[in-house]
Amino acid sequence: MCDSFSEEGCHVVTSKSNSEETVCSCNHLTHFAVLLDYDGSTKLTEEDETILKVATYVGLSLSIIGILLTLILSSCLTDVRKPLSQIPLSVSMSLGAGQIIFLAGINATGNKVSSLSFYP
């Protein structure tokens with residue numbers, strides 16, 4: 001297995017690429033990514049940030065609703081005492097808990113501990 005990205009069979013299509021988008025042409029199928037060093041020179045507009053926040057909240061909310069429906073239907077339609085029925089319930093509960101925790105802490109990005117002084 002390769003430890004790095006291989007350029008074999010791929011090339012950049014310069015006529016379709018610009019400073020915001022890189023277009024590649026390859027003769028095989030795999031996952032591709034362009035890695036870059038983000039230095040913060042491109043700032044998001046207020047409108048872009050609002051759109052991203054709305055999309056995040058709507059997506060997470062719909063996902064949590066889907067997980068709740070999965071939990072309800074699984075518990076109603078299967079025998080939850082059997083071990084094989086408990087696996088999908090456990091996975092759904094774990095995913096739901098993770099998404100609820102993420103949604104609850106989405107704006108908690110500051111590091112409050114680092115502002116404390118431990119030395120007199």
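Predicted model: local features only at pLDDT ≥ 70, side-chain atom pairs only at ≥ 80, totals over all residues.
C24 is partly exposed, with 42% relative accessible area.

**Cysteines**

- The structure has one disulfide by the distance rule, and the partners are C10 and C26, with 2.1 Å between their sulfur atoms.
- The C10 to C26 link is right-handed, with 120 degrees about the S-S bond.
- C10 belongs to strand β1 (residues 10-12) and C26 to strand β2 (residues 24-26), so the bond ties together parts that are 16 residues apart in sequence.
- How accessible is C26? C26 comes out as partly exposed, at 29% relative accessible area.
- C76 is another cysteine to look at: with 60% relative accessibility, C76 counts as exposed.

**Salt bridge**

- If you go through the whole structure for salt bridges, you find one.
- D79 and R81 are the partners, and their closest N and O atoms are 3.2 Å apart.
- What about exposure on each side of that pair? D79 is partly exposed, with a relative accessible area of 30%, while R81 counts as exposed at 70%.

- Helix α1 covers residues 46-77 and has 32 residues.
- From its first C-alpha to its last, α1 reaches 46 Å, which is close to the 46 Å expected at 1.5 Å a residue.
- Which residues of α1 are buried? They are L60, I64, I67, L71 and S74.
- What do those buried residues pack against? Their partner is α2 (83-104).

**The nonpolar surface patch**

- V54, V58, L62, I65, L69, L73 and L77 make a nonpolar surface patch of about 700 Å².
- L69, one of the patch residues, is found in helix α1.
- L69 counts as partly exposed, at 48% relative accessibility. Patch residues need over 30% relative accessible area, so L69 passes that cut-off.

**Quick recap**

Terms used:
Residues numbered from 1 in each chain as written. Heavy atoms only, no water. Disulfide = S-S within 2.5 Å. Helix = DSSP H or I, 4+ residues; strand = E, 2+ residues; numbered from the N terminus. Buried < 20%, exposed > 50% of the residue type's maximum accessible area, 1.4 Å probe, protein only. Salt bridge = Lys/Arg side-chain N within 4 Å of Asp/Glu carboxyl O. Patch = residues over 30% accessible without salt bridge, like charges linked within 9 Å, V, L, I, M, F, W, Y side chains within 5 Å. Areas by Shrake-Rupley, 256 points an atom, 1.4 Å probe, with all protein chains shown as cover. Expected span 1.5 Å × (residues − 1). Contact = heavy atoms within 4.5 Å.
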